[in-house]
Amino acid sequence: MMNFRMRAALAALACSVCGPTWGQDTGFGDFAMETLRPLTIDFPGRTSGSAAFAGASDLMEQRFTLGGLAVTREDFTTRANRPSQNVIGTIAGASQDLILVGAHFDAATARLQGVDDNGSGAAVLTELAAHLSGLDLETGLVFNAFGAEETGLEGSNFYRRQLQASGEIANLKGMINIDSLVTGDFMYAHAGTNYLADPALKSYWTRVHAIANELGIDLRSNPGLNPDYPIDTGCCSDGASFESLDIPVLWLESTNWDIGDLDGYTQTTNPLIPGGATWHDPVEDNWAFLEAAFGNERIPDRLEAYSRLLTYLLVRLSGADLAASARSGATISLGMADQLMRQNEAFQAAVDRAALRLLAVRPAVGEVGGSAFVEGLWRPKGAFDADAVPGEEELGGRIALRGDYQYSALLGLGADLHVSRSRDDLAEGSDLDATTVALGLDLLLSDGTPPWLAASLSGAYTRFDGTRDFLLRSGLGATLVDESFDFDTDATTLGARVEGGYDFSVAGIATGPVAGLSYVHYRIDEFREGGGRRTALDYDAQSFDSLEGELGWRVRGHYALSDTIVLSPYGRIGFVRDFADGRPGSAGFVALADGSARTVSFAAPDRSFGRASFGAELAFDEAASTFVEIGTRFAHDDGEATSLSFGLGVTF
């Protein structure tokens with residue numbers, strides 16, 4: 001039995017033309033709310049150099065760390081000669097590229113809670129970091145809580161200069177700025193002004209608005225009613241520090257660009273907000289005033305909406321969904337390889353049982369015989385395998401037809417035709433069905449003396465049909481992607497085998513050493529998943545080989561229990577060495593979303609392990625018979641694996 005550790009690792013592990021099925025969790029915004037309350041209530045007046053700012057810096061680090069990020073602090077001195085900091089949480093990606101997500105956490109004046117400006121943005125920043133933490137990213141993410149924004153974007157400018165000095169600026173692929181999410185009448189996402197010269201730099205804007213449409217979020221953009229602020233552009237926060245770079249910049253804010261001077265500075269038409277804005281006002285930008293003006297649900301609702309929207313955006317921009325989808329696809333690839341290998345083993349086990357019958361009851365020269373069996377296979381959940389994929393179970397059945405011809409006293413010839421059907425229930429609800437037609441020719445050299453030799457050739461065609469259920473959860477446990485893909489493809493198997501042994505007779509039992517060499521070539525054709533969704537995959541063709549040498553011992557018996565009933569127990573144990581691939585070393589995929597090739601590599605296989613089988617056949621009236629057999633693998637890096645096979649048939 002083959003059941004690989006990498007399958008468990010991958011399973012323990014979502015279109016530019018249409019989006020995935022987003023999760024419906026209600027937990028978005030909770031982590032941000034847990035940041036916002038202490039940040040604004042415990043540390044009002046977070047101006048650079050103040051005790052409140054120092055306490056807020058500690059809190060931001062704690063929240064990033066709680067979210068699972070590596071955190072650093074970047075000290076700098078403001079133009080007013082006051083100490084300040086950027087608090088930076090990082091999630092590394094597979095490449096050196098990075099996307100910057102920023103929100104300032106300082107306040108404009110003493111005593112200012114700054115719930116809207118910008119406790120809200122800083123709080124959402126910590127939640128985004130926690131959601132993305134624990135995911136495998138293709139593009140890294142940097143979450144920067146900027147200091148000294150209110151004194152002229154000093155923290156973000158300092159960070160940009162540090163990137164330029166280190167040369168890391170070349171790795172910066174985009175910037176997202178989050179500022180003032182509560183007071184405004186509407187949610188907005190704007191592009192950087194650099195898109196006016198290069199429309200390609202509006203890509204983040206396009207993506208976030210598409211996601212908002214999928215989620216049913218009313219997300220707007222600067223309508224360009226004021227000529228000083230061109231359509232779809234934002235301004236006046238830390239995003240401006242990066243607009244001179246050749247990267248997409250995205251601004252997130254809540255305001256109302258259709259009122260006042262049409263510049264976004266008048267935030268709301270709410271009559272309870274004097275002047276239509278709460279900017280920098282300790283009397284208004286605080287919990288009590290905002291909840292009285294907008295109700296108790298305004299703040300949590302905005303945190304939830306922005307957290308959900310930006311989490312999904314970052315999942316796409318970082319490639320986390322595509323990387324996870326490829327790993328999910330790898331479980332399917334390995335599942336198909338696993339099934340092919342087990343089907344080949346089951347076919348050879350049937351040939352071995354036929355050889356045992358011929359050795360026990362030697363036919364006369366020229367005699368033609370045969371058998372027909374209906375067989376079943378059950379591999380329980382876990383299959384007694386320490387590293388099994390949770391929930392995995394296999395059920396299968398086959399019709400096995402065999403013909404025999406005793407050509408001479410020494411040589412017997414045989415032919416097999418098997419038609420089988422099997423089903424694997426894989427992790428996360430995925431399933432894999434296989435229909436196989438296998439043919440084989442074999443010979444057995446034995447004249448009744450202890451030495452014997454067997455050889456066989458075999459070939460099989462398999463039709464795979466299945467469903468891949470792809471589930472991606474965030475670092476906070478939110479369901480980000482929950483999709484199901486149908487697929488089908490073909491596979492072929494070609495093999496050759498030779499083995500021999502020497503059977504001693506001990507108290508009516510034949511037992512002795514056995515040695516063999518088996519070569520099998522496997523190929524699975526390329527195929528594409530249906531559905532046309534972002535995380536759907538094209539699978540590359542797979543080819544791999546197995547060349548197993550085996551040295552072991554076997555035992556067989558033949559006992560007449562009555563005139564019509566004969567019991568034939570048997571057993572075999574051996575140590576195996578695979579001199580070829582053993583199984584696939586990697587699998588290749590192309591995601592519909594970007595057309596890029598991704599390769600998932602698998603852990604090197606254990607090439608030396610043990611294999612054993614024990615069973616018995618019970619024959620009635622020399623015509624009908626039944627058998628049961630337990631097969632197992634042991635001393636394998638991937639753990640032990642056991643299955644039960646059984647059958648009922650007739651011989652003639």
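Helix α4 (residues 115–132) has 18 residues, which at 1.5 Å a residue should span 26 Å, and its end C-alpha atoms lie 24 Å apart, in agreement with that expectation; the expected span is 1.5 Å times one less than the number of residues, and helices (H or I, at least four residues) and strands (E, at least two) are DSSP runs numbered from the N terminus. The model is a predicted one, in which local features need pLDDT of at least 70 and side-chain atom pairs count only at pLDDT 80 or more, while totals for chains, interfaces and linings use all residues. Residues are numbered from 1 along each chain as its sequence is written, and side-chain values use heavy atoms, with hydrogens and water left out.

Because 18 of the 18 residues of α4 are buried, this helix is largely enclosed by the rest of the structure, where buried means under 20% relative accessible area (1.4 Å probe, protein chains only). After α4 comes G134, whose phi is positive, near 90 degrees.

Strand β2 (residues 83–91) is also mostly covered, with seven of its nine residues buried. Strand β1 (residues 70–77) pairs with β2 in the antiparallel sense over eight bridges, pairing being assigned if DSSP finds at least two bridges between two strands, and E74 has N86 in β2 as its bridge partner. The two strands β1 and β2 form a hairpin with five residues between them, and N81 in the turn has a positive phi of about 60 degrees. Strand β4 (residues 140–146) runs antiparallel to β2 and is joined to β2 by five bridges, with V142 in β4 as the bridge partner of T90.

Terms used: Buried means under 20% relative accessible area, exposed over 50%, partly exposed in between (1.4 Å probe, protein chains only).
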